[in-house]
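Dear colleague,

Please find below the structure that I am handing over to you. My notes on it follow directly after.

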Amino acid sequence: NLRISLGCSSLRSFSQTRFLTRKSSSGQPDPRSPFVRAIDPNSLLKIPPGMLAFHATGGHCEGPLLVNRGKNGIADIVATLGCLPQSSPVTTSEACTPPIVEVTSTFCAATGGVQWHRKFWPSLSLESRWYFDEPSQLAIDSFTYLGIRDFAAFGFALEPEDAPHTPDSGFVGFRHVTKKAWILGVPVPLALSLVADGVSMPHEDGLGWRVEVCVEHALLGTIVEYLGDVRLLPGEVSVPQN
């Protein structure tokens, strides 16, 4: 299996005026992860430590995905240009396992952001950085594309959600809902933009979570949707500081 380690690299941006690191009231970057800042503090206590640590302080998870691309040709082209995964095999004759996703997250204390590297089997990769936008109170996922940092960005509200399959654990997961979008720092109306809503729900043992994501467009419909269960690598469970 491919193992990817993504360090805290320089955050030079094509559109620096929009995506400069947010400062705290003291003028210094807020040291907390955007996930910690965007989710209600009471709900944070109910997210499994491993799941929270991955999103807040970094880690590595992987697992199989079932992927379905949109039915029309334009949606398929958009998915390909966006480096999104291919649909899963539909016949048993294909000697192929479901696409594997591997995600490495790395917290950067100097900026308060989290770098993500997603690897979709067999060869697609997506890099982005998460940060917290103070004015909108949204968690921003800002993507590198064609070598250009912050080419496209999405602002998400992170909404806690009870885990229906783990009633005895008391765990909660969260839903991410697209509220804003930008291309090269320019706001794009959601009616014209892709949206990428989804939900992450913890497993009963707290060492993994179920992921369901639907990327869609108001005019084109579904671009791609995927669901699956990812697991933390052994030894990657720690409790982040709130």
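Predicted model: local features only at pLDDT ≥ 70, side-chain atom pairs only at ≥ 80, totals over all residues.

Salt bridges. The whole structure contains eight salt bridges. One of them pairs R37 with E134, whose closest N and O atoms are 2.6 Å apart. Because R37 belongs to helix α2 (residues 34–38) and E134 to the loop between β4 (124–133) and β5 (138–145), this pair ties together parts that are 97 residues apart in sequence. R37 is buried, at a relative accessible area of 15%, whereas E134 is partly exposed at 34%.

A further salt bridge joins E161 to R175, with 2.8 Å between the closest N and O atoms. It links strand β6 (residues 148–162), which holds E161, to strand β7 (residues 172–183), which holds R175; the two residues are 14 apart. Both E161, at 28% relative accessibility, and R175, at 31%, are partly exposed.

D205 likewise forms a salt bridge with R231, the closest N and O atoms lying 2.6 Å apart. D205 sits in the loop between β9 (194–202) and β10 (208–217), and R231 in strand β11 (residues 221–232), 26 residues away.

Helix α4. Seven of the nine residues of α4 (residues 49–57) are buried, so the helix is largely enclosed by the rest of the structure. Among them are M51, L52 and F54. G58 follows the helix and has a positive phi, near 110°.

Cysteines. The structure has zero disulfides. C61 is buried, with 2% relative accessible area, while C83 is partly exposed at 22%.

Yours sincerely

Key. Residues numbered from 1 in each chain as written. Heavy atoms only, no water. Disulfide = S-S within 2.5 Å. Buried < 20%, exposed > 50% of the residue type's maximum accessible area, 1.4 Å probe, protein only. Helix = DSSP H or I, 4+ residues; strand = E, 2+ residues; numbered from the N terminus. Salt bridge = Lys/Arg side-chain N within 4 Å of Asp/Glu carboxyl O.
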